[in-house]
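Subject: Handover of a structure, with notes

Dear colleague,

Please find the structure below, handed over for your own work. My notes follow it, arranged by chain.

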Amino acid sequence: MVRFENVGLRYGMGPEILKDLTFSIEPQTFQFLTGPSGAGKTTLMHLILLSLKPTRGLITLFGQDATTLDKNAITALRRKIGVVFQDFRLLDHLTTYENVALPLRVQGREETAYRAEVVELLKWVGLGERMHALPQVLSGGEKQRAAIARALIVRPELLLADEPTGNVDPPLARRLLRLFVELHKSGTSVVIATHDLGLMEQFEDARRLVLGDRRLHVYD
Amino acid sequence: MSEKPAPQVVRVDPTAAAAPATDTNELTLSRNAPLVPAASIASRSLVTVIAIMTFLSALAAGSGLLIAGASQDWQRSVASEMTVQIRPLAGHDLEDEVTKAAAIVRATEGVSSVEVYAKDASEKLLEPWLGTGLNLDELPVPRLIAVKTDPSHPPDLPALRQRLAAAIAGASVDDHQLWFAWLATMANTVVVIASLIFALVLVAMFLTVAFATRGAMAGNHEIIGILHFVGAEDRFIAREFQHHFLRLGLRGGTIGGLCAVASFLAAGLVRAHLQATPGGDELEALFGTFSLGFKGYATIVAISLSIAVATGAMSRAIVFRHLQKMG
């Protein structure tokens, strides 16, 4: 699904901030991406999303060499990936419902065709009463849940979540983790970037991708 | 928060998804708000600029149409008139010559009416320059014959000139060609200037829209990034910007167009109020009745709509090109 071979990244003429990354993410797998703050977890996610280009090495995404992909092909691949950003990245002028429905809307689907699906997902993540609310009036936890719902609504083949439980209380964090595990069981590969050891301990079978010293260490 | 069942929700049956929502909340749900935020200071400023530019271009176009219409009226009226002038010459009876000339003109095909100016009427024409109460008997005042012609079958002017010259020594025909050419040149110049102003206003407006589009893209950079991450194609994003600018263009175009229509209607009312005054007559001579007519108002509506559509299309092209360059 995702394969990195000797991938390195540097900004301009600076030193490499990520070196010799060689790993793969197979279908229907669950992994935590962890490491100290500033180790490059978010940067690695951007490399997987192809929003950053590596300075060396080879990235293969869903069987396609990333260097050969044009913009439309990258867009098509991104539709298979759900992303939860650390800073949520909700559109402030859209309601919670509209934010969650956004990935379906950009695919040109009719609103009536996905309304029930979006409403049901919102209710499940506990935002059923906050559908009309704009992000400015949502709490950090509510924004987090809205961002997760937006990533899940397209039933992605790969889910990338950057600190998805960073702003929620432990019970909700557990629920969200269960959601990710269920999603994994139903066939989605999940990558959760976190340095919450408590969260990782709840699912000890998961692979660990540990970033440190600009390199990635994989613990299966 | 109490725990809920596991997330079957992410595997909702697609056939059930189309079922209509019945929740009261869902009925009042905001579902498809514009992705590019509509209300901002920059948007309001752009609407104002588009309204002003539409107003100016509609004024320029309307004025051009009015002057072109008035010029055609002048040309029609001048083209259907000519003047035969008989100069007094020694040894010739002026009255005889005038009668002869009038008979020749009347007999010419294409002439619809002939009016001979009597001696006192001819002398009266000089009053504005020479004043009243003067004895003009000693002055060689020429006599005039005003001739109206049939515009659809104009007379053969060279033949008429030849016949008059052969019969009357001091006769000449003025078909107002000089005046006609001068009027046409003036009217055409004014129409060209109005067209240039129209074109310049449009260019200025489109440059403003181009800057505003780039500004909107910079201001909505984060939105564009999010749309890319959730799988939006450049075409989709460009279309969203097009809708945004089309809305602004329609609002500005409508305001500007309505102001232009109101201005022409107001000018028509003022002209009607000034009718039969010297100033009013001058205005009417230059611009006609200030009545644009259906064609004129349709032109203003077309300008307003075209500006809105062009604004949307241009912003779409700029956004699309910019996104493609971003890679």
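The notes below begin with chain B, then turn to chain A.

Please bear in mind throughout that this is a predicted model.

Chain B: overall organisation

Chain B has 327 residues, 30% of which count as buried. Its secondary structure consists of 12 helices and four strands. Among contacts in chain B with a separation of 6 or more, 86% are between residues 24 or more positions apart. The chain is divided into two parts: domain 1 covers 38–76 + 181–326, and domain 2 covers 88–169. Taken over C-alpha atoms, the centres of domain 1 of chain B and domain 2 of chain B are separated by 52 Å.

An unreviewed UniProt entry lists the feature "transmembrane region" for chain B at residues 46–68, 179–212, 255–274 and 294–319. Two of these spans can be compared with the model. Residues 46–68 of chain B are 100% helix and 0% strand, with 32 Å between the end C-alpha atoms. Residues 255–274 of chain B are 95% helix and 0% strand, and their end C-alpha atoms lie 28 Å apart.

Chain B: the pairing of α3 and α10

Helix α3 (residues 41–79) of chain B packs against helix α10 (residues 234–273) of chain B, with the axes 7 Å apart and an angle of about 40 degrees between them. The two helices, α3(B) and α10(B), are therefore oblique to each other. The crossing of α3(B) past α10(B) is right-handed. On the α3(B) side, the residues making the contact include B:Leu46, B:Ile50, B:Ala51, B:Phe55 and B:Gly62. On the α10(B) side they include several glycines, among them B:Gly249, B:Gly252, B:Gly253, B:Gly256 and B:Gly257, as well as B:Arg251 and B:Phe264.

Chain B: α9 and its surroundings

Which residues of α9(B) are buried? They are B:Ile223, B:Ile224, B:Ile226, B:Leu227, B:His228 and B:Phe229. The buried residues of α9(B) pack against elements of both chains: α2 (71–78) and β6 (81–84) of chain A, together with α8 and α10 of chain B. Just after α9(B), B:Gly231 takes a positive phi of about 95 degrees.

At the other end of this helix, B:Asn220 sits in the loop between α8 (177–219) and α9 (221–229) of chain B. B:Asn220 has 22 other C-beta atoms within 10 Å and is therefore buried. From B:Asn220 to B:Ala51 the distance is 24 Å, C-alpha to C-alpha, for a sequence separation of 169 residues. B:Ala51 is also one of the α3(B) residues in the contact with α10(B).

Chain B: a position in α12

B:Ala317 belongs to helix α12 (residues 293–326) of chain B. Is B:Ala317 buried, exposed or partly exposed? B:Ala317 counts as partly exposed, because it has 15 C-beta neighbours inside 10 Å. B:Ala317 and B:Gly253 are 64 residues apart in sequence, and their C-alpha atoms are 20 Å apart in space.

Chain A

For chain A, an unreviewed UniProt entry lists "domain: ABC transporter" at residues 2–219. In the model, residues 2–219 of chain A are 34% helix and 26% strand, and the end C-alpha atoms of the span are 17 Å apart.

Helix α3 (residues 96–105) of chain A and helix α5 (residues 140–152) of chain A pack with their axes 7 Å apart, at an angle of about 30 degrees. An angle under 35 degrees counts as roughly parallel, so α3(A) is roughly parallel to α5(A). Here, too, the crossing is right-handed, with α3(A) passing α5(A). The residues that meet are A:Thr96, A:Asn99, A:Val100, A:Leu102 and A:Pro103 in α3(A), and A:Ala146, A:Ala149 and A:Arg150 in α5(A).

Two aspartates of chain A may deserve a look for their backbone angles. A:Asp20 lies in strand β2 (residues 16–25) of chain A and has a phi near 45 degrees, a positive value in a residue other than glycine. A:Asp20 counts as partly exposed because 15 C-beta neighbours lie inside 10 Å. A:Asp213 is found in the loop between β9 (207–212) and β10 (215–219) of chain A, and its phi is also positive, at about 55 degrees. With 9 C-beta neighbours inside 10 Å, A:Asp213 therefore counts as exposed.

With kind regards

How values were computed
Residues numbered from 1 in each chain as written. Chains lettered and ligands numbered in written order. Predicted model: local features only at pLDDT ≥ 70, side-chain atom pairs only at ≥ 80, totals over all residues. Domains from an automatic or database assignment. Buried ≥ 20, exposed ≤ 12 C-beta atoms within 10 Å, placed from the backbone. UniProt positions renumbered as here; feature names shortened; annotations may be inferred. Axes fitted to C-alpha atoms, helices over the stretch in contact; angles between N-to-C directions. Parallel < 35°, antiparallel > 145°, perpendicular 65-115°, else oblique. Left-handed = near helix turned anticlockwise from the far one by under 90°. Contact = placed C-beta atoms within 7 Å.
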